[in-house]
Amino acid sequence: MDRNPSPPPSDESSDETTRVDAIGNTVYSKHWLFSTLMRLIELVSPEGEEVEELDSRAETELDEDLENEICKMWDMSMDEDVAVFLQEFNATDILLGIIGKSKCPRLTEICVGILGNMACYNETCRAISNNDNLVDVLLLLLGDSDPPTLLETSRLILSCLSQPDVSSIWVNQIHKQHSVRENVCFIMQSSTNADLLGKIGEMVDKLFDLDKELMLSWVVESKELSDASTTEKEKTAETALVPCLLEAARQLRSDSIEGLEVYIHILQLLTTTDGGMQALVRTPDKAESTWTLLYDIVHTDLCQDDDPEIIVEEQASVLSSTLAVLSAIFASCMEENYIKTERNLPLLGTLLRILFYAEESQKRPSEGTRRPSTDKWSVPSPTSGAQKGKRREGDYHLKILLDICCEFLSEIFTNIGKEIVSKSFKEGFLSQEMCTSAFRHLLPQYHTAVEKFHAILMEVKPDTAEQLLLEFPNLRS
């Protein structure tokens with residue numbers, strides 16, 4: 001009688017061997033990991049008569065079977081037990097040696113990727129960061145020509161910068177390696193790889209957030225020396241920080257709103273210091289290219305005239321950073337023609353619309369409020385913790401956006417003229433409803449700006465001005 005064969009008898013010694021060979025609580029094999037690392041070492045340090053032939057072959061190629069094996073190790077290194085075991089096996093020094101000798105871009109990428117996974121955990125991140133030679137080599141890799149290697153390198157550095165107890169090590173080393181700035185600027189200016197630009201942007205954003213002194217040193221290094229040769233001046237112009245940031249932002253506009261937001265936030269960080277602000281406004285075009293790009297992003301990508309208010313709420317974070325930079329440039333470059341309000345009436349309309357939308361959203365019933373229905377009282381479904389957290393985060397970004405809009409609008413109200421106010425009403429950028437909403441947000445903090453704007457309204461739109469007085473009687477004083 002045919003039947004399926006019985007399972008083999010239990011082999012307790014085999015089970016024990018498997019447990020001893022397992023890495024931590026995983027099913028991954030220590031022996032397999034050892035043998036794979038040894039194959040990697042042999043690949044870059046071959047012995048015998050065929051060394052030159054092997055070196056030549058390994059220069060651009062990686063054996064398919066070996067590539068599959070080390071890619072498995074790359075995946076395994078995402079597990080903390082494996083990452084810690086690799087460190088105990090001194091894998092950081094082994095991988096450093098392989099990276100140093102490798103002539104194969106794919107091999108370098110995978111080795112850096114393994115280190116990047118290891119850097120996600122505190123213990124192994126400390127080991128990587130305390131290896132001075134490894135840190136130096138990784139920073140030098142930012143000058144590599146291989147985009148996948150650059151992506152893994154920037155991911156690794158970002159992970160280390162995000163660990164508070166080792167971030168200072170990386171900041172100090174970056175201070176010492178001037179090539180980091182040049183290589184980063186070159187990537188921002190020349191790369192079309194959205195993933196790479198996004199990760200490089202995150203790295204720079206984190207770096208500048210950690211160390212304003214470093215940020216300013218990168219800005220200062222962008223300036224041309226008066227006694228520099230023509231070649232040196234051209235090279236400096238090519239790696240000036242602000243133009244490189246703008247080029248990366250242009251590249252990411254259509255590819256990644258998240259990446260675009262990172263670069264705009266870097267520009268916003270520059271506006272928080274005098275030196276950074278000077279870097280923005282003392283460019284050859286006096287910040288016009290920055291203004292033009294961000295102005296277009298606001299009106300084309302983030303906040304079009306017919307967008308519903310939910311779009312503004314969803315874009316609150318990136319809108320905040322963009323408008324903050326525009327506001328800083330406006331306050332610093334009022335004499336420049338490109339900044340004149342008459343040339344930027346849509347921006348005035350956008351600021352007013354954001355404040356109006358915010359007011360309307362505050363009037364909506366909150367979660368859990370009973371709403372009348374045609375046949376019964378309906379009760380909203382309970383909101384999950386994740387939904388509540390997301391809503392709180394949205395409220396936080398919206399609050400920042402409103403604060404920035406109010407400050408920006410107060411600057412415009414302080415400097416606007418009668419002709420522009422009249423034109424704004426005629427073209428639909430201003431209305432009594434918009435003015436009422438704006439006054440509610442601006443008062444009492446920006447009383448002087450509102451008072452000056454209201455005085456202009458008394459001349460060009462007396463009926464509207466009188467209606468506003470009825471709602472805001474304090475303006476009579």
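Guide: Start with the crossing of α9 over α11, which is right-handed, a term used when the near helix is turned clockwise from the far one by less than a right angle, anticlockwise being left-handed. Helices are DSSP runs of H or I of at least four residues, numbered from the N terminus. This is a predicted model, in which local features need pLDDT of at least 70, side-chain atom pairs count only at pLDDT 80 or more, and totals for chains, interfaces and linings use all residues. Residues are numbered from 1 along each chain as its sequence is written, and side-chain values use heavy atoms, without hydrogens and water.

Visitor: What makes α9 oblique to α11?

Guide: Helix α9 (residues 132-140) and helix α11 (residues 167-176) pack at about 60°, with axes 11 Å apart; the axes are lines fitted to C-alpha atoms over the stretch in contact, and angles run from 0 to 180 degrees between N-to-C directions. Under 35 degrees counts as roughly parallel, over 145 as roughly antiparallel, 65 to 115 as roughly perpendicular and the rest as oblique, so α9 is oblique to α11.

Visitor: Which residues of α9 and α11 make the contact?

Guide: With contact meaning heavy atoms within 4.5 Å, Val-135, Asp-136, Leu-138 and Leu-139 of α9 meet Trp-170, Gln-173 and Ile-174 of α11.

Visitor: Why is α6 called oblique to α9?

Guide: The axes of helix α6 (residues 91-101) and α9 come within 10 Å and cross at roughly 40°, and therefore α6 is oblique to α9. α6 passes α9 in a left-handed crossing.

Notes: Helices (H or I, at least four residues) and strands (E, at least two) are DSSP runs, numbered from the N terminus.
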